[in-house]
Amino acid sequence: MTLFTLAVGNLRAKKARSAGIAFAVALAVMTVVTLSVVSSGLEQAAAAVLTIGKADFTVAQKGVSDIIYSSLDDRQVAAVQESPGVESAVGVLVETERIDAANPLFIEIGIQPGDLSAFGVSVIAGRAYGADAADEVMLGWQAARDLGLHVGDRFRANGTTNTVVGIYSTGISYGDLGAMFPLPAIQAYNRVPGSVTLVFVKVASGYSVVKVQAALESAHPELTTIRTASEFGRADRNIVFLRAAVTGSTILALLIGAIIVGNTMLLSLFERTREFGLLRAIGWSRGRVVTLVVSESLLLAVLGSSLGVALSYLVTFALESLPQLHGVLHASFSEGALLRGLVVGMGMAVLGSLYPAIRAASLTPVKALSHE
Amino acid sequence: MNEPPAHPTPMIETHDVVKVYADGKVRALDGVDLTVGPGEFVAVTGPSGCGKSTLLGLLAALDTPDSGTIRVGSHDLVRLQDSDRFRRQAVGLVFQLHNLLPRLTVLENVEIAMMGSDRPRGDRAGHAARLLEGVGLGAMADRRPPQLSGGERQRVAVARALANDPPLLLADEPTGSLDSRSVATVLALFEGLRADRGVTVVLVTHDGDVAAAADRIIPMLDGRVVGA
Ligand SMILES: Nc1ncnc2c1ncn2[C@@H]1O[C@H](COP(=O)(O)OP(=O)(O)OP(=O)(O)O)[C@@H](O)[C@H]1O
Ligand SMILES: [Mg+2]
C-alpha cells in the first residue's frame with residue numbers, strides 16, 4: 001500500500017463526490033481549452049496573410065484594430081523600398097469577401113503583375129493578368145479546385161464578373177485558397193486609390209533582418225514591422241484584445257473552479273476529521289496528511305482535465321459545424337492550449353485543496369479524534 | 001501512593017501534571033504524579049470524568065500539559081521536537097471505539113501505521129501479516145473492519161499499535177464494548193506482550209475485573225492519582 005493506492009481507494013469510496021469534483025475540473029478545463037484553441041485558430045487565420053509573401057518581414061500601419069485595416073500610401077511604399085538593406089518591397093492590398101456560404105472569408109489580394117515573382121507566386125496555368133485589366137483574375141489552385149473553376153471560366157468577385165486568366169500557386173495553402181487581382185482594380189473597388197495594406201520586404205544579402213527592421217521602425221514611427229506570428233499584435237489590436245480576453249477567462253475559470261473544488265473538499269474533509277485524527281495519532285505527520293489530501297485532489301484533476309480536453313474537442317467540432325461559424329472558426333489544437341488546460345486543472349486542484357488540507361492537518365489529534 | 005518499582009530508569013515518570021479545559025473552568029488533571037517501570041502492566045481506573053483519557057492522551061503526546069513534567073522513555077514530552085515521530089516509534093495506541101478505518105482491509109489498517117517509518121516499503125505488508133498472526137487474526141487479513149466482531153477489531157488495533165515495535169502500549173478502555181470472552185482474549189494478548197517482548201502496558205478501564213489482570217492498579221479521582 002502506498003500513498004497513491006490509498007488516495008485512489010479513498011476516491012473510489014466516495015464515487016459521487018469524486019465524480020462531482022472531476023466534473024467541475026472538466027468544465028473549467030473545457031472552457032479554457034476551447035477558448036484557447038478557438039482564439040489561436042482566429043489568430044493563425046489572421047496572421048496567415050503574413051505567411052504568403054515569403055518575405056523576411058512585413059510592414060504594416062501601427063496600431064490598427066485589424067491588420068486588414070492597415071493602410072500605406074505610394075509614398076510610404078517607396079520609402080520602405082529606399083530604406084537601407086531592403087532588396088525588394090512589394091505592396092499588396094488584402095481583403096476578404098463573402099463569395100458564398102462555404103467561403104464567408106474568401107481572401108483577395110491585389111498585387112502588380114510585375115511583383116508576382118518577388119512575392120513567390122508562380123503561374124501554373126494560363127497567364128498572369130494585365131497590370132490595368134479591369135475584369136481579370138487569377139485563382140489559387142486550391143480555390144480553383146474547390147470552386148470547380150478553370151482558365152477561361154467566369155468568377156464573380158470584387159464587384160464585377162471577372163475572367164479567370166490564370167491559376168497560381170504560392171506553396172502556402174492560405175494563399176492558394178484565394179484569388180489575385182490587378183492592384184488598381186482592387187484599389188478602385190475599395191475606393192482606396194494608391195493604398196496598399198501591407199508591404200512584404202526581402203532583405204538584401206549581407207544585411208541583418210533585425211537591423212533593417214529596427215532602422216525602418218525608427219525612421220518611420222507610424223509603421224511597424226512584423227517577422228513572426230507572435231509579433232502580430234503590434235499591427236493587430238484585435239489580437240491583443242483577444243489574447244487578453246482568453247487570459248482573463250482562464251484566470252476566472254481557474255478561480256471559480258478552485259472555489260468549487262475547495263468547497264466540496266472542505267465538506268468532505270470535515271467528515272473525515274476523525275480519520276485524520278486517527279492517522280495523526282498513529283504517527284502520521286501533518287505533511288503526510290496534506291500530501292494525501294492534495295494527491296487525492298490532483299488525481300481528480302488529472303481525470304477531470306482529460307475529460308475536459310475530450311469535451312473541448314467535441315465542443316469545438318460542434319461549433320465549427322454550426323452554419324453561422326462554418327469557415328470562420330478554425331480551431332487549432334496546440335500543445336500550448338492543452339498545457340493551458342492542464343495548468344488550469346492542476347491549479348484548481350492545488351488551490352482548492354491546499355487550504356482544506358492544511359486545516360485538516362492542523363487540528364491536534366485529540367481534537368480531531370473527539371470530533372463527532 | 002505506591003513506591004516506584006526499583007528499576008533504574010522508569011518507562012513513564014510524570015510530576016505535578018496539570019491539564020485544564022474550557023479556559024480553566026475544567027481541571028481535567030490536577031497535579032498527577034505517576035511512575036511506571038519498564039515491562040510493567042498497570043491499569044488506570046476511576047469514575048467517569050476523572051481524567052483517565054486526558055492522562056493517556058498526554059502520555060501519547062496527542063496533547064501537551066499546561067504545567068508539570070512528563071518523561072516517557074528518554075523523551076521529555078514537554079520539550080518534544082517531533083511529536084509525530086514519537087507517536088510513530090515510542091508508543092502504540094489502542095482506543096475504545098472507532099479505532100480502524102472501515103474502508104481499508106485489516107492488513108492495510110495495520111500497514112498504514114508503518115507509512116513514514118524506517119521499515120523498508122517491501123517489508124511492511126509481510127510485517128503486518130505477522131503481527132496479525134500474533135493476535136490470532138492471520139486468516140482475516142483481507143476482511144474489512146465492519147466484517148469483524150468487536151473483540152477482533154480491538155485485536156487488529158493492538159496489532160497496529162505494535163506495528164513499529166514501540167516499548168510502550170497505551171490502551172484506553174480497549175475492552176469497554178466487549179463481551180467477557182473477548183475481554184479475556186485481549187487481556188491475554190497484553191499479558192503475552194509483556195512476557196514475550198517486555199512491552200510496558202498502560203490500560204485505562206473502569207472495569208474492576210479487567211484491572212485485576214494488571215500488576216498494579218493506579219486509581220484516579222478528580223484529576224489526581226490517589227493512594228491505593
Ligand atoms: N476537549 C475538552 N474540552 C473540555 N473539557 C474536556 C475536554 N476533554 C475532556 N474534558 C473534561 O475533562 C475531564 C476529564 O475527561 P476525561 O475524558 O479525561 O475523563 P475519563 O476519566 O476518561 O472519563 P471516561 O471514563 O468517561 O472516559 C471531564 O470533566 C471532561 O468533561
Ligand atoms: Mg475516557
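These legends accompany several close-up views of a predicted model.

Some notes first: residues are numbered from 1 along each chain as its sequence is written, while chains are lettered from A and ligands numbered from 1 in the order in which they are written. Because the model is predicted, local features need pLDDT of at least 70 and side-chain atom pairs count only at pLDDT 80 or more, with totals for chains, interfaces and linings using all residues, and side-chain values use heavy atoms, leaving out hydrogens and water.

**View 1. The two domains of chain A.** Chain A splits into domain 1 (3–46 + 239–369) and domain 2 (57–226), with bounds that come from an automatic or database domain assignment. Taken over C-alpha atoms, the centres of domain 1 and domain 2 of chain A are 46 Å apart.

**View 2. Helices H9 and H10 of chain A.** Here helix H9 (residues 273–281) packs against helix H10 (residues 286–321) of chain A at about 140°, their axes 10 Å apart. Helices (H or I, at least four residues) and strands (E, at least two) are DSSP runs, numbered from the N terminus. Axes are lines fitted to C-alpha atoms, for helices over the stretch in contact, and angles run from 0 to 180 degrees between N-to-C directions. H9(A) and H10(A) are therefore oblique to each other (under 35 degrees is roughly parallel, over 145 roughly antiparallel, 65 to 115 roughly perpendicular, and the rest oblique). In contact (heavy atoms within 4.5 Å), Phe276(A), Leu279(A) and Arg280(A) of H9(A) meet Arg286(A), Val289(A), Leu292(A) and Val293(A) of H10(A).

**View 3. The four-stranded sheet of chain B.** This open sheet runs S2-S1-S4-S5 in chain B, with antiparallel pairing; two strands pair if DSSP finds at least two bridges between them. Strand S2 (26–36) and strand S5 (75–76) of chain B are the edges, each with a single partner strand, so one side of each has no neighbour in the sheet. Strand S1 (residues 12–21) of chain B is joined to S2(B) by eight bridges, and Tyr21(B) has Val26(B) as its bridge partner in S2(B).

**View 4. The six-stranded sheet of chain B.** Look for the order S6-S7-S8-S3-S9-S10 in this open sheet of chain B, where pairing is mixed. S6(B) and strand S7 (residues 168–172) of chain B run parallel, joined by four bridges, and Leu93(B) stands opposite Leu170(B) in S7(B). Helix H5 (residues 150–161) of chain B lies across S6 and S7 of chain B, at about 165° to S6(B).
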